[in-house]
Amino acid sequence: MKSISTSIWAYPTKRKSLLDLLFFWKKTPIKTVKLPTPDHLTKYCKGLLLKNTKVKSILFSTDIALIENNDADAILAVYPFAPSQSIIKTLIDFSNKPVICGIGGGITQGDVAITIAKKAEKLGAAAVIVNQPFKNEDIIQVKKHISIPIISSVSTLNFDFKARIDAGVSCFNITGGTDTNKIVEYIQKEFPDFPIISTGGKTTESLESITNKKINAVILTPPSNGELFRSIMDDYRNDK
């Protein structure tokens, strides 16, 4: 784990409450503790309009405890299984902010994805998102059935961005690892003003690097419950 001077989701070295988990945010009363959004992100991102909400920070989680205890503008609900209408309904009903729902990619395609997209919109999803393997012809069909935005994840420069845009996507989600900045720069050059969201990485350096590109919004991956408890329990054991 990165040290407290470099990690976005940093852990205190002394016994502190959850309000001190992130090193560069102000303290708040215990009863209002949240996982706070980095100031740098909200300052430099342009924002993405979802359900009449200007979204700059997106929490990547399906954990309702983390969803409730954060101040991100929206929720990204994707997971390494086939999309579930029950999960979609639960997250939308529970959350008081826009939810972006995964509808398919390498596992789910075609009519199943269309059905899930239609159901997600009916349940109140702010947008749907598809993974890179999702076929353009399926995006065209999804676009015919829903009015909410379709976001496409992209993880490589070796990709036909124009074909994806022509198929009907409204925004790219860049998940390119070390190539993320290069992909963002390419899209901004070739398709100026086309909306972009992106993962923010695990360090303050990676977060600032991507937000300085002035993209629309950044996706933040929170620490797990186990990680959150670990630092607290370590302090208890050490009687700090």
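A residue counts as buried when its relative accessible area is under 20%, as exposed when that area is over 50%, and as partly exposed in between (1.4 Å probe, protein chains only). Lys214 is partly exposed, with a relative accessible area of 45%. This is a predicted model, in which local features need pLDDT of at least 70 and side-chain atom pairs count only at pLDDT 80 or more, while totals for chains, interfaces and linings use all residues. Residues are numbered from 1 along each chain as its sequence is written, and side-chain values use heavy atoms, with hydrogens and water left out.

## Parallel strands

Helices (H or I, at least four residues) and strands (E, at least two) are DSSP runs, numbered from the N terminus. Two strands pair if DSSP finds at least two bridges between them.

Start with strand S5, residues 99-104. Six of its six residues are buried, so S5 is largely enclosed by the rest of the structure. Strand S4 (residues 74-77) runs parallel to S5, and three bridges join the two. Here Ile75 stands opposite Val99.

S5 also pairs with S6, again in the parallel sense, over four bridges. Cys101 faces Val128 of S6. Ile100 faces Ala127 of S6.

Now look at S6 itself, residues 127-130. Ala127 and Ile129 point one way, Val128 and Val130 point the other way, and all are buried. S6 pairs in turn with strand S7 (residues 150-154), in the parallel sense, over three bridges. Val130 has Ser152 of S7 as its bridge partner.

## Crossovers

How does the chain get from one strand to the next? A crossover is right-handed if, with the strands pointing away from the viewer, the path from the first strand over the helix to the second runs clockwise.

| Strands | Helix | Hand of the β-α-β unit |
|---|---|---|
| S4 and S5 | H3 (residues 85-94) | right-handed |
| S5 and S6 | H4 (residues 110-123) | right-handed |
| S6 and S7 | H5 (residues 136-145) | right-handed |

## Cysteines

How many disulfides does the structure hold? It holds zero. A disulfide here is a pair of cysteine sulfur atoms within 2.5 Å. Cys101 counts as buried, at 1% relative accessibility. Cys171 is buried too, with a relative accessible area of 2%.

## A pocket

Rolling a probe the size of a water molecule over the atoms shows where empty space is left. The search uses a 1 Å grid over the protein atoms alone; a pocket is an open set of points with protein on both sides within 12 Å along at least five of seven lines, whereas a cavity is a set of points where a 1.4 Å probe fits but cannot get out. Lining residues have an atom within 4 Å of a point. Grid points are joined across faces, edges and corners, and a volume is the space filled by probe spheres set on the points.

The second largest pocket has a volume of about 320 Å³. It is lined by 22 residues, and the closest to its centre are Val78, Tyr79, Gly102, Gly104 and Asn131. S5 gives the most to this lining, with three residues. By class, the lining has twelve nonpolar, ten polar and no charged residues. In this scheme Ala, Val, Leu, Ile, Met, Phe, Trp, Tyr, Cys and Pro are nonpolar, Asp, Glu, Lys and Arg are charged, and the others, Gly among them, are polar.

## Around S7

Val154 lies in strand S7. Val154 is buried, with a relative accessible area of 0%. Val154 and Ile183 are 29 residues apart in sequence, yet 8.6 Å apart in space, C-alpha to C-alpha.

Thr156 sits in the loop between S7 and helix H6 (161-167). Thr156 is partly exposed, with a relative accessible area of 26%. From Thr156 to Gly177 the separation is 21 residues in sequence and 9.0 Å in space, C-alpha to C-alpha.

## Positive phi

Most residues other than glycine have a negative phi, and most peptide bonds are trans. Lys51 has a positive phi, near 50°. Lys51 lies in the loop between strand S1 (48-50) and strand S2 (53-55). Lys214 also has a positive phi, of about 60°, although it is not a glycine. Lys214 is found in the loop between helix H8 (204-211) and strand S10 (217-220).
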